[in-house]
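Reader: I am new to this structure and would like to learn how to read its features one at a time. Could we take them in turn, with the general idea before the case?

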Amino acid sequence: MTDIPTFTSKTIIEPFRVKVVEPLPLPSREAREVALEAARGNLFNIRAEHVTIDLMTDSGTGAMSQDQWAAMMRGDESYAGARSFFEFERVVRALTGKKHVIPTHQGRAAERILFSVVGGKGHVIPANTHFDTTRANVEASGAEAVDLVIPEGIDPESLHPFKGNVDVARLAAFLETHRGQVPLVLVTVTNNSGGGQPVSLGNLREVRAVCDRFGVPLFLDAARFAENAWFIKQREPGQKDRTPREIAQEMFSLCDGAMMSMKKDAFGNMGGFLVLNDDALAVECRNALILTEGFPTYGGLAGRDLGALAVGLEEILDERYLEYRIASTHYVWDHLQKAGVPLLSPAGGHAVYLDARRFLPHVPSPLLPGQSVSIALYREAGIRSVEIGTVMFGHTQPDGTQSPSPLDLVRLAIPRRVYTQSHMDYVIEAVIHVHEHRKSLGGYRITEEPKALRHFTCAFAAL
Ligand code: F0G
């Protein structure tokens, strides 16, 4: 017996330890200048070996666990009916409760399959906010994609706890005026394009009720369903005693089907799924899948991938992991906020977004403030982020100027189980350093661009 009170730590520690290490690239400032020059200012053109901390995306960039690697070894590579598929199907079905489980090589493959079947000219797909590949696949089918997020969802300073919520009144009015034109309603959890903001269970229940009233199916874009479930547990009255799994199961029970990029909340480096209950729709989707993805029991994935994804989809719902995950994103947001760096609020689940317009008030939107901040972070500290603003969503007008997008953000997306707290401290220091010297940052212009999705390949020059 001792008199020492029970130790409770204020620090939320990483609930894993490191078994395999990958050297961190530490290019010199001169080397980074050379890389930037060769990339013509486009960070997508920088080789990963020249990047110290890569926050371009949290997609496919996570670290797998020992159990996932063990599942890789057990992978069954049979063309049809592989054991790994049945393992995958069992885990996905236990979570989503859906009858048909269709594996796909990533999220956008599920989008293409679903919208090639239910989309098409004359159809409209409402969502809180469509992710860009979702929108692109809706539009490629000939249908129209419409965003109906609540007004707080597009206000970067609003502290609403569920900024990903659908504006239910607008949805009801929309379904009323578009009777017969809406094959499904889509809700993205968390709302990536709106800053990784969650959707509440209450909102999902209301959306379900509206869909029932109009006889329209409801689908989830579930790429970050576990982070969304954790936010519900933390923020929604009456939810704190439930497990993330129970909450996630209720989220899936409220919809008729779901698509998921398993490169996010399944710790996969590759993978996705489409699940649904409708038998006739499932037949059509499987036929569309066979055309480009492969046989319906592998959907473009190796058997070992299916095995690792099945394990990852269970691990992601571990409370210790989710507590650490959301706390570590919040840690970065909190330190930057306290240092006066302008941010999108509150912190998202998978990313921290810098508000480049307030970060560089002397660089107007058409002069690409987000690109300027993003380039400075790479030049000064080897950090790779992504501009989500005028470069991504604006376009060049006939007079050569840029039409601005509603927001100019820089996303710092945090890969899962990859970086430690000291890596994040380095990121915080670097962002504060660039912010302190913001007056010396100028604007950029686009010197060359393709017709579509220009942000991936266009070239920039400093003004
Ligand atoms: N839906 C959401 C909400 C996403 O964030 C993504 C991908 C997709 C669908 C498409 O999935 O990449 O597996 O084909 N988001 C990544 C990102 C690319 O960086 O946010 P995918």
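This is a predicted model: local features need pLDDT of at least 70, side-chain atom pairs count only at pLDDT 80 or more; totals for chains, interfaces and linings use all residues.

Reader: Are E449 and R454 buried or exposed?

Author: Burial is judged from relative accessible area, with buried meaning under 20% and exposed over 50%. R454 has a relative accessible area of 5% and is therefore buried, whereas E449, at 37% relative accessibility, counts as partly exposed.

Reader: Where do D212 and R208 lie?

Author: Both are in helix α7, which covers residues 201–214, and they are four residues apart, about one turn of the helix. Because its relative accessible area is 15%, R208 is buried, while D212, with 49% relative accessibility, counts as partly exposed.

Reader: How far apart are the closest N and O atoms in the salt bridge of D241 with K240?

Author: For that pair the distance is 4.0 Å, and here both D241 and K240 are exposed.

Reader: How many salt bridges does the count come to, and which residues are linked in a network of them?

Author: The count comes to 32 salt bridges. A network of salt bridges links D58, R224, E227, D265, R325 and R416.

Reader: Which domains is the protein divided into?

Author: A domain may be built from separate stretches of the chain, as one finds here: domain 1 is made of 29–51 + 319–462, and domain 2 is 66–315. Their C-alpha centres lie 27 Å apart, and 22 residues of domain 1 are in contact with 28 residues of domain 2.

Reader: Which residues touch the most other members of the largest nonpolar core?

Author: That core has 62 residues, and those touching the most other members are V185, V187, V207, L220, F225, M251 and L313. The core lies between domain 1 and domain 2, because both of them give residues to it. Apart from this core lies another, of 30 residues, among them V352, V373, L412 and A430.

Reader: What does M251 touch, not counting residues up to four places away in sequence?

Author: With those residues left out, M251 touches V189, L201, L204, L220, F225, N228, A229 and I232.

Reader: In which helix is V168 found, and what is V168 in contact with beyond its neighbours within four places in sequence?

Author: V168 is found in helix α6, residues 168–177. Once those neighbours are set aside, V168 is in contact with N203, E206, V207 and V210. V168 and N203 are 35 residues apart along the chain, yet their C-alpha atoms are separated by 7.8 Å. V168 counts as buried because its relative accessibility is 16%, which is under the 20% limit.

Reader: Which residues around the ligand come nearest?

Author: Of the 16 residues around the ligand, T57, R108, D221, S261 and K264 come nearest. An N or O atom in the side chain of R108 is 2.6 Å from an oxygen atom of the ligand, and for the side chain of N192 the corresponding distance to a ligand oxygen atom is 2.8 Å. From G107 it is a polar backbone atom that lies 2.9 Å from an oxygen atom of the ligand.

Definitions and conventions. Residues are numbered from 1 along each chain as its sequence is written. Side-chain values use heavy atoms; hydrogens and water are left out. Helices (H or I, at least four residues) and strands (E, at least two) are DSSP runs, numbered from the N terminus. Buried means under 20% relative accessible area, exposed over 50%, partly exposed in between (1.4 Å probe, protein chains only). Contact means heavy atoms within 4.5 Å. A nonpolar core is a set of buried Ala, Val, Leu, Ile, Met, Phe, Trp, Tyr and Cys residues joined through side-chain atoms within 4.5 Å. Domain bounds come from an automatic or database domain assignment. A salt bridge is a side-chain nitrogen of Lys or Arg within 4 Å of a carboxyl oxygen of Asp or Glu. A residue is near a molecule or strand if one of its heavy atoms lies within 4 Å of it. A polar contact is a pair of N or O atoms within 3.5 Å; within protein, one must be able to donate a hydrogen and the other to accept it, and residues adjacent in sequence count only if both atoms are side-chain atoms.
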